Amino acid sequence: MKTDRILSILFILPSLILVGIFIYGFIGWTGWVSMVNWRDVFPDFTFVGLRNYARLFQHFRFVISMKNTLVFTVLFLLFSISIGLLLAILLDRKVRFEGFFRTVYLFPMAVSFVVTGVAWRWILNPGTGGESVGLNWLLERMGLGFLKSGWYTDPNIGIKAVVIAAVWQMSGYVMALYLAGIRSIPNELYEAAQLDGANVFQLYRHIVLPLLRPVTLSAVIILGHISLKIFDLVFAMTGSGIGFSCDVPALFMYDTTFRGNYFSQGAAIAMILLMCVAALIVPYLTYSIRTEVRR
Amino acid sequence: MWRKLALIIAVVSAVVAFASKIEIFSWWTAGGEAEGLQELFNIYSKLYPGVEIINATVAGGAGAQAKAVLKTRMLGGDPPDTFQVHAGHELIDTWVKTGFMEPITFLYKEEGWDKVMPKGILDIVSYNGEYWSVPVNIHRANVLWYNKKIFEKYGLKPPKTFEEFFQVAEILKSHGIIPLALGTKDGWEAAHAFETVLIGKLGAEGYKGLWNGKTKWSDPRVTDALETFAKMLQYVNSDHAARTWDEACALIVEGKAAMNIMGDWAVGYFYAKNFYDFGWVLAPGNEGIFDALSDSFGLPKGAKNRENVINFLRVLGSKEGQLAFNIKKGSIPARTDIDRNLFPEYQRSAMEDWLRHEIVPSVMHGAAASESWVTEFKDVISLFVARPDVKTTQRALVNIAIAQGVPQQ
């Protein structure tokens, strides 16, 4: 018993040490850098407190990119989850070639965000006038020309066009989550409901959806943290966009740190991003730990 | 005893093994630029056959990604033996003032480079009376490229002044042709075009003064430049945010757009597309001014193979090296004593201008101001493209200069 204990601690120890250094140690380091005056390649560790943060909130790019993140996150979650759920329910209706459709819907996830970004940059290309390409071309051919748009080059749409690509990439994954969730619901529940005379709508409304709540929560957490720290998709698809209409904090952080050499300000952006992600994840963690303890 | 000996042997052999290597860091991975780099390696290998060359390149336009990698390496105490850096403030402010480089004035003396390179370029590679890097090429940023066929078809003359530019643009627009091709996807292209407008409105001295405080950003000529630029933006392709600089050049090649303001790396693009119907004049109002940027290599402190680096720098500055490299890369040599007739037509004209014109440093390409200033400048102009508010933008430009320690009163 005792040797077991020692052994298990020994097994965990290396990863504990590595996580301690490379995750928490570096978070601490970034936090420290965000409060000094390092604004050149050469480090300057004069302590300035929260000045970098204060400056940040006055920077137009930061304000724009935070607003964009909010819009992006809300729309991305809303659409990925509802489309994913819809696909899962449809697939669950015992369709033919289910395996084929599952693969098709899940496939975008196997593609990296960079590839998605490049592809959608062209699909949503805002071709002018009669020489439109991609989606605009398709809309025109279908007689829906009035739906043509500048997409990500229209400052009013901007980040919402990026959402389309992100939803395309991730809704299949949400579908897989939900499908697994639906399949894990015991058959007896369905049978009992049918015996009670529930129709299909009532079945989903009162049996399936409530039981899928934990899946929805995981989907929100997973998609939420992807959305808050999104970088590669935006970088490949649009860059910061016209008048920064597609800018996100991670892009701003990259520019600030590695192009502008404002290392402290870059660290401050990184810390704020971390806090946003933490605001999402920590409640989830405490919730799941509590339920585990209860068990 | 034996152990000690073994250790000594290990250390010595490690040193010997190191001494036969050189790691060269750059962002030259595409077409002509990679070929040019290979030419330099060939010459170097012929002269120093025992040295293994490690070609450390990081892909990405204008070095955006490479610079991030370089910074982490330099700060981590693991500098490459030598690395590509834009001559001027990017070199001086980022690496020289911060104490990462060794001066190479002795090389300039030994090789006589200070006699064969023009003052404009010697100025931007020097700091505190020392030279810090070897410029291997010169690019010109203030060129207006145009599609010859379109201009012939409508009987137009390429514009030299802003007035002519707007006249020509109006005519082209009425024929359904995009007057000015622009790509702003990567964020720097609009600021690049605006840089040439600043030069056009302020002249060489006025423009240079912007970066050292002799010209104030509140100057009415800056207002004029912003207003003119806003007007020019009315003549660009509506999908500019979806295009990178080369995709904007494609509009010229396809005959959809008539003009484009871009650096002379555009020539390499035109050739690569088998497009020879292009002509060039200077950007409006830029007569007699050469807006220059230069790639250069220096000697970082703590380079593991110092001797090899010095030899490599000798190759970079040599007549043979500059000729072989620039013919492939599409730029012109920094040295002025190389036979012009060996180069294609555009490069010949640029080499002539290099001798006669007044040289000013490009801001967007790291020669005129520090990287932090350039980043802020680029951001403000990017915003201006979407919201052309002259007053706010000018105030922002003034504030950036103040934050950079350049008084504006």
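**Notebook: chains A and B**

I started with the kink: α1(A) bends by about 35 degrees at Leu13(A), shortly before the proline Pro14(A). The bend at a residue is the angle between axes fitted to the seven residues ending there and the seven starting there. Helices here are DSSP runs (H or I, at least four residues; strands are E, at least two), numbered from the N terminus.

Housekeeping: this is a predicted model, where local features need pLDDT of at least 70 and side-chain atom pairs count only at pLDDT 80 or more, while totals for chains, interfaces and linings use all residues. Residues are numbered from 1 along each chain as its sequence is written, chains are lettered from A and ligands numbered from 1 in the order in which they are written, and side-chain values use heavy atoms, with hydrogens and water left out.

Then I checked the span of α1(A). Helix α1 (residues 2-33) of chain A has 32 residues and covers 43 Å from first C-alpha to last, close to the expected 46 Å. The expected figure is 1.5 Å times one less than the number of residues.

I looked at chain A as a whole next. I found 13 helices and zero strands. The C-alpha trace spans about 80 × 75 × 30 Å along its principal axes. Of the 295 residues in chain A, 42% are buried (under 20% relative accessible area; exposed is over 50%, partly exposed in between; 1.4 Å probe, protein chains only). Of the chain A contacts (heavy atoms within 4.5 Å) between residues at least 6 apart in sequence, 68% join residues at least 24 apart.

Is Arg121(A) buried or exposed? Arg121(A) counts as buried because its relative accessibility is 9%. I placed Arg121(A) in helix α5 (residues 113-123) of chain A. Beyond four places in sequence, its contacts include Tyr152(A), Met237(A) and Lys185(B). Its side chain also makes a polar contact with that of Glu247(B), at 3.3 Å. A polar contact is a pair of N or O atoms within 3.5 Å; within protein, one must be able to donate a hydrogen and the other to accept it, and residues adjacent in sequence count only if both atoms are side-chain atoms.

Last, the interface. Chain B puts 33 residues into the contact and chain A 34. I noted three salt bridges between the chains (side-chain nitrogen of Lys or Arg within 4 Å of a carboxyl oxygen of Asp or Glu). One of them links Lys378(B) and Asp255(A), with the closest N and O atoms 2.8 Å apart.
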